[in-house]
Amino acid sequence: MRDTRQAMPDDPYQFRSMTSADLPLVRRWLAAPHVVQWWGDPAEQYDLVSGDLNEPAMDQFIVSAGSSDFAYLQCYDLTAWNSGFGEHPRGTRGIDQFIGEPDMIERGHGSAFIRAFVDERLRNGAPRIVTDPDPANTRAVRAYEKAGFEKAGMVDTPDGPALLMVRNA
């Protein structure tokens, strides 16, 4: 389910499949203080992200606005990493993301690119998209709410308690 669509001229965001050539950029982003705050140890996260490049149940994207890359997004088959999320319709996808470029934070890009990405997935047959931000990450929770997600309750994950948020088709 890799996204190979071409961006339309009026699309503000482009989502291109991440490749090994993007790993130095992602490594730099993972080391940024605003990413470390919520994603944790940069070396550990880099190992996970780079290790998922060939994982068939995980799609990874570099998000750009215009010609500038600014964010990472991963979209996965929920059945592959169902970390206590409960029952969901077949075909449900999970997402995680971060804005890597500090000058793109708090400018409305997070909620906008999440909405654009999720709208496309729901139009193309995904019945539901879920995400699980840290409940203390109020910026992320607000961005997901602005992108149409609803709070579904607290869940226990391998990374600790998280707020399950859901958006249905």
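Colleague: How many aromatic pairs does the structure hold?

Modeller: The structure, which is a predicted model, holds 11 aromatic pairs. One of them joins Phe 61 and Phe 117, whose ring centres are 5.2 Å apart and whose planes stand at 65 degrees, so this pair is edge-to-face.

Colleague: Which parts does that pair of Phe 61 and Phe 117 tie together?

Modeller: Phe 61 belongs to strand E2 (residues 58–65) and Phe 117 to helix H4 (residues 109–123), so the pair ties together parts that are 56 residues apart in sequence.

Colleague: And are Phe 61 and Phe 117 buried or exposed?

Modeller: Both Phe 61 and Phe 117 are buried, and they belong to one aromatic cluster that also takes in Tyr 13, Phe 15, Phe 70 and Phe 113.

Colleague: What sits over the ring of Phe 117?

Modeller: The charged end of Arg 121 does, at 3.9 Å from the ring centre, and in a further case the charged end of Arg 27 sits over the ring of Tyr 46, 3.7 Å from its centre.

Colleague: Changing topic, which residues of helix H1 are buried?

Modeller: In H1, which covers residues 23–30, the buried residues are Leu 23, Leu 25, Val 26, Trp 29 and Leu 30. Looking down the axis of H1, these buried residues fall within an arc of 160 degrees, so they line one face of the helix.

Colleague: What covers the buried residues of H1?

Modeller: The cover includes helices H2 (33–39) and H3 (42–51), along with strands E2, E3 (68–77) and E4 (93–99).

Colleague: On to charges, then: how many salt bridges are there?

Modeller: The count comes to 8 salt bridges. Among them, the side chains of Asp 69 and Arg 16 meet at 2.9 Å, N to O; Asp 69 lies in strand E3 and Arg 16 in strand E1 (residues 13–17), so this pair ties together parts that are 53 residues apart in sequence. Arg 16 and Asp 69 are also linked with Asp 22 in a network of salt bridges.

Colleague: What about Arg 93 and Asp 59?

Modeller: Their side chains meet in a salt bridge at 3.0 Å, N to O, and since Arg 93 lies in strand E4 and Asp 59 in strand E2, the pair ties together parts that are 34 residues apart in sequence.

Colleague: Why does Asp 59 count as buried?

Modeller: Asp 59 counts as buried because its relative accessibility is 3%, where the cut-off for buried is under 20%; Arg 93 is buried too, with a relative accessible area of 8%.

Methods: Residues numbered from 1 in each chain as written. Predicted model: local features only at pLDDT ≥ 70, side-chain atom pairs only at ≥ 80, totals over all residues. Heavy atoms only, no water. Phe/Tyr/Trp six-rings, centres within 6.5 Å; stacked < 30°, edge-to-face > 60°. Helix = DSSP H or I, 4+ residues; strand = E, 2+ residues; numbered from the N terminus. Buried < 20%, exposed > 50% of the residue type's maximum accessible area, 1.4 Å probe, protein only. Lys NZ or Arg CZ within 6 Å of the ring centre and 35° of its normal. Arc of directions from axis to C-beta. Contact = heavy atoms within 4.5 Å. Salt bridge = Lys/Arg side-chain N within 4 Å of Asp/Glu carboxyl O.
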